[in-house]
Amino acid sequence: SELDDILGTIVRIMPILVGVERSAIYLWEDETGLLRPAQAYGLPEEARPEIWRSLAPEQFPLLQAVLQTNQTALCQEAHLGPQSWQQVIPASPQEAEALTYSEERLLIALPLQVKGQLFGVLLAEEAAGGRRFRSRRLEILNGIAQQLALSIQNDRFQRETVARERLETEIELARQIQQTFMPQELPSLPGWDFSARWRTAREMGGDFYDLFLLPGGKVGIFIADVADKGIPAALFMALTRTLVRAAVLQTDSPALALSQVNDLLYPDAQQGMFVTAVYGVLESQTGRFTYANAGHNPPLWLSRQGAAPRFLTRTGMALGVQEGTPMTENSILLAPGDLLFLYTDGVTEAFSPSMQAFGEEGLTQTLLRFSGAFSAAPSVQAVDEAVQTFIAGQPLADDVTLLAVCRL
């Protein structure tokens, strides 16, 4: 890599620049707590097995001193050769000053650090006659160590940037794939109007809705919310969608379909993940809507005839919580002009800057403004705009999914 080339070049030119006989660069690894060998010059082959390997600093007092103080450490014996240097004690600050003027060849250990962030250690062993120009040599070595640290820091930044860009690309691709799970077109049936909207709080979400035609002029209507956000929720949502699509082919009963999904989902519902969902079957000829509600926000039924708004309460527990949980179903009859509005908790649990919740009351009042002249797309638009206005430009705290069914 480019960094290896830089480090290799530096250790090769150091003997020419500053009069060292041997040198070695070790890089610090936060994950392992070890110093990993990177580049070296002049190490005898017989010494390599002992020193040219990942080193635990606590076993080498010289290295430990550098890591603990972030300062240069000196000792007066050449230990990068065949001699053992594992137990060599570095000079104290007072001894180091005296060593600067001694005739001994020094082993110099310098921290590779930028603003207190440690990247490794540079070891340099003086050549014979090292006292000459020693103060200047130490000055140059400190400059080299600083440049090494900057090079390592820049390399890590570039790697992190590349990794982040790759992750962002992969997330965007995953989002595009997730969007293909959503209906590209809503069913078109005489006498019925459908509309939906899907917003995610992050790049990917755990909300999901589906509408699909069933035999006999029926429509399957499904909305769900995974109890999580981001990529884990999106993956769990994809699994749930697959199971639902399979279950509805085996039974006409919404309660039985959700029970089957629950029992298949439960073994994979790790770390407390679960799904709330409503699944219903709409008979387009009669307007009968038979549904099961697995711990989800109750859909809102608004009648054009002036009846009080009604929330369709839960008929069972959320999916993936408990195997074999009982599930029941209920039915309602949608008359011409009625509106059935399904949503996720990103609507009712949207908060204003003053921490007030939009709530079921906000949802009901928004839809009642239509004064009985209900229609699908305008109702979805109205609720979406009301929530956006309510949170006053704050980021969404949760995914928001809206689904409206209107009998014309």
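Buried means under 20% relative accessible area, exposed over 50%, and partly exposed in between, computed with a 1.4 Å probe on protein chains only. All views show a predicted model, in which local features need pLDDT of at least 70, side-chain atom pairs count only at pLDDT 80 or more, and totals for chains, interfaces and linings use all residues. Residues are numbered from 1 along each chain as its sequence is written, and side-chain values use heavy atoms, with hydrogens and water left out.

View 1. Lys-115 sits in the loop between β4 and β5; helices (H or I, at least four residues) and strands (E, at least two) are DSSP runs numbered from the N terminus. At 86% relative accessibility, Lys-115 is exposed. Its phi is near 50°, a positive value in a residue other than glycine. Asn-70 belongs to the loop between α3 and β3. Asn-70 is not a glycine either, and its phi is positive at about 55°. With 23% relative accessibility, Asn-70 counts as partly exposed.

**View 2. The five-stranded open sheet.** The strand order is β2-β1-β5-β4-β3, and the pairing is antiparallel; two strands pair if DSSP finds at least two bridges between them. β2 (34-41) and β3 (73-75) are the edge strands, each with a single partner strand, so one side of each has no neighbour in the sheet. On average, neighbouring strands of this sheet are turned by 20° against each other, direction ignored. Strand β1 (residues 20-29) is joined to strand β5 (residues 117-126) by seven bridges in the antiparallel sense. Ala-24 has Leu-123 of β5 as its bridge partner.

**View 3. Helices α3 and α5 on the sheet.** Helix α3 (residues 61-69) lies across β1, β2, β3, β4 (107-114) and β5, and runs at about 135° to β5. Axes are lines fitted to C-alpha atoms, for helices over the stretch in contact, and angles run from 0 to 180 degrees between N-to-C directions. α5 also packs on the sheet, where it touches β1, β3, β4 and β5. The direction of α5 makes about 40° with that of β4.

View 4. Ala-127 lies in the loop between β5 and α5. Its relative accessible area is 22%, so it is partly exposed. Beyond its neighbours within four places in sequence, Ala-127 is in contact (heavy atoms within 4.5 Å) with Gly-19, Val-20, Glu-21 and Arg-105. Arg-22 is 105 residues away from Ala-127 along the chain, and their C-alpha atoms are separated by 7.9 Å.

**View 5. Helix α6 and its surroundings.** Helix α6 (residues 230-247) has 18 residues. From its first C-alpha to its last it reaches 26 Å, close to the expected 26 Å; the expected span is 1.5 Å times one less than the number of residues. Its buried residues include Gly-230, Ala-233, Phe-236, Thr-240, Leu-243, Val-244 and Ala-247. Among the elements covering the buried residues of α6 are α5 (134-181), β7 (207-214), β8 (218-226), α7 (254-265) and β9 (275-283).

**View 6. The packing of α5 against α6.** The axes of α5 and α6 are 11 Å apart and form an angle of about 30°. That makes α5 roughly parallel to α6; angles under 35 degrees count as roughly parallel, over 145 as roughly antiparallel, 65 to 115 as roughly perpendicular and the rest as oblique. The crossing of α5 past α6 is left-handed; a crossing is left-handed if the near helix is turned anticlockwise from the far one by less than a right angle, and right-handed if clockwise. On the α5 side, the contact is made by Ile-171, Gln-178 and Phe-181. On the α6 side, Ile-231, Ala-234, Met-237, Ala-238 and Arg-241 take part.

**View 7. The packing of α9 against α10.** Helix α9 (residues 359-368) and helix α10 (residues 376-391) have axes that come within 9 Å and cross at roughly 135°. That makes α9 oblique to α10. Their crossing is right-handed. Leu-363, Thr-366 and Leu-367 of α9 meet Ser-379, Ala-382, Val-383 and Ala-386 of α10.

**View 8. Tyr-291 in strand β10.** Tyr-291 is part of strand β10 (residues 288-294). Its relative accessibility is 1%, so Tyr-291 counts as buried. Apart from neighbours within four places in sequence, the contacts of Tyr-291 include Pro-254, Tyr-279, Gly-280, Leu-312, Thr-328 and Ile-332.
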